[in-house]
Amino acid sequence: RGTVDAHPRTRQDLPVTSCSTAMAYPSLAIFNAIRGIRVYSNSVAGRAWFSTSAAFPQPKSGTSVSENHPSSAETAPESSQVQWISTAASGKRPTGIVMMNLGGPSNVEEVYPFLHRLFSDREIMQLPAQKYLSRWIATRRTPKIQKQYLAIGGGSPIRKWTEEQGRKMIQLLDERSPETAPHQFYIAFRYAAPLTDDAVLAMKADGVQRAVAFTQYPQFSCSTTGSSLNELYRSLQRHNMQDAVQWSIIDRWHSHPGLVKAFAKRIMDALHDYPEDVRHDVVILFSAHSLPMSVVNRGDPYPQEVAATVHEVMDELDFHYQYRLVWQSQVGPMPWLGPQTGAALEGLAKNGKKHVLVVPIAFTSDHIETLYEIDLEYAKEAHKFGIHGFKRVESLNASPIFIDAMADLVSEHLKAQQVCSKQYVLRCPGCTNDYCATAKAFFSRSPTSSVQ
C-alpha cells in the first residue's frame, strides 16, 4: 500500500512467508529463505522477494546495517544523503511537517541498501542470525530487483514526487497558517534515503520545537503508518529528542474531501480517454495492496478504511459506474485478503467485460507497484484475457487538488490543536507488538495504561 517500492508480484507457486509467519515460525522462514522466497515486509505496499538463482557481489563498505534498527549513517550511500535547506536562518523556528512513507531506491545502486534495511528490521521479521541472513537475502535478490527498476526508468520516483508535494504544500501552509509559519517539510522513509534518522537530525539542526508527523498513507495500517510512527519514536530515543519537540500526528485521512475529489478528478480524466460509446461499460477496479489474513484477523483497520475511501469516491461520482474493490500483490500459499486483482481481471473477461479502469486507491504517488505491477504485469494479463480497454488512472503525484488537500489537512490539524485521532490510541484486539503501546502513549500524550 502506499509505497515501499521493492518489486512486483510473483507466481503463486513460489513459497512465501509473511512477517507474522517469520516471527512465529523462524525455522520455516529459514527454510523458505534458502529455497527462494518472496517476503511480505509487514507493510501494505512493502514486498521484497528474492531468488537464489543469481549471485551478486558483496556491497561496498559503508552500507552495512545494524541488526535491530539500521541507521542512515550506516546504510545510505554518500550520494544519497539528504541535503536539507535550513529555515533556521529566518530567525523563527520552523514548524516541521514530517512526511512518512516506506520509500524506494532512487537508482539501482540503492537497491541493495534498501533490501538490506528491509530484511534487517526485526520489527518486521525475526530470523536466526539475522545480521548475516539479511545480507545474504539482499545480495541474492538485488540483481533481479535492479532489472525491474531499470524497466521503469532506473529507480523509484517516489522521493521526487514527495519532495515536490512537500515544497508546494508548505508554500500553501505559510499562507493559510501564518501563525505557525515558516513551515519546513522533512521526508522520513523507512528503508530508503532520506530515512527517519535523517529527518530527526535535520529537525534538530533547524531547532524545530513543533512538528506534525504526517503519514502519506491515507488509510491506516499497523504495518505502514503504525510501523513508521514506531520507528519515529525509536529515532527520537536514539537522538535523545523525546522532550525536544512538541508532536502531533495525522495518522489517517482516508475520507478527506480533498483526497476524494483528487481521486474522482483523476478517474473522470481517464474515463474521457475511452470512446463515448463504450464509456458506460467501463468497470472501475479500485486496487489496493493486500494484507495477509493473519494481519486482518488481528483487527488491522486497513481494509475498512480503504473501503471507506472507495465509497466516498464513488459517491463523488454519483455511483454512475460499475466498480469493485480488489487487492493486489498476494503471493504464496498463505491466505490473503481478496479478491486478487489478477483474478478479478480474468473473471471480468470471462463475463464479457472488455474495458477496465484500474485505480490505485491506496497509493498517492507512483512507484514500482503502479509503474511495473499494474502498468506492465496486469496490463499484459488483461490483454491476454481479452480486455483490450485496460487503463490505469494516473496517480495523484503533483495533482493541484491533492496538494491543496494536503495543505488543508495540515492547516486544519494545526488550528484544531489535535494530538492524534481517537482511533490511533486503540490497539488492535489481537496486537502482538507491545512496542505499539509505548509509541501510542508517547504520541497521544497518554499513560501507557490508557492505551488499550
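**View 1. Buried residues of helix α6.** The buried residues of α6 are I158, R159, W161, T162, E164, Q165, G166, M169, I170 and L173. Buried means under 20% relative accessible area, exposed over 50%, and partly exposed in between (1.4 Å probe, protein chains only). Cover for the buried residues of α6 includes β4 (95-101), β5 (183-189), β6 (210-215) and α14 (400-416). Helices (H or I, at least four residues) and strands (E, at least two) are DSSP runs, numbered from the N terminus. Helix α6 has 19 residues (158-176), which at 1.5 Å a residue should span 27 Å; its end C-alpha atoms are 26 Å apart, which agrees. The expected span is 1.5 Å times one less than the number of residues.

This is a predicted model: local features need pLDDT of at least 70, side-chain atom pairs count only at pLDDT 80 or more, and totals for chains, interfaces and linings use all residues. Residues are numbered from 1 along each chain as its sequence is written, and side-chain values use heavy atoms, with hydrogens and water left out.

**View 2. The second largest cavity.** About 50 Å³ of space lies in this cavity. The structure holds five cavities of 30 Å³ or more. A cavity is a set of points, on a 1 Å grid over the protein atoms alone, where a 1.4 Å probe fits but cannot get out; lining residues have an atom within 4 Å of a point. Points are joined across faces, edges and corners, and a volume is the space filled by probe spheres set on the points. F220, C222, G226, N230, Y424, C436 and K440 line the second largest cavity. Two elements, α8 (222-238) and α16 (435-444), each give two or more residues to this lining. The largest share, three residues, comes from α8.

**View 3. Two cis peptide bonds.** A181 and P182 are joined by a cis peptide bond, with omega about -5 degrees. P182 sits in the loop between α6 and β5. The bond from G338 to P339 is also cis, with omega near 5 degrees. P339 lies in the loop between β9 (322-328) and α12 (341-350).

View 4. N240 is not a glycine, yet its phi is positive, about 55 degrees. N240 is found in the loop between α8 and β7 (246-250). N240 is exposed, with a relative accessible area of 65%. S329, also a residue other than glycine, has a positive phi near 80 degrees. S329 lies in the loop between β9 and α12. S329 is buried, with a relative accessible area of 1%.

Key: On a 1 Å grid over the protein atoms alone, a cavity is a set of points where a 1.4 Å probe fits but cannot get out, and a pocket is an open set with protein on both sides within 12 Å along at least five of seven lines; lining residues have an atom within 4 Å of a point. Contact means heavy atoms within 4.5 Å.
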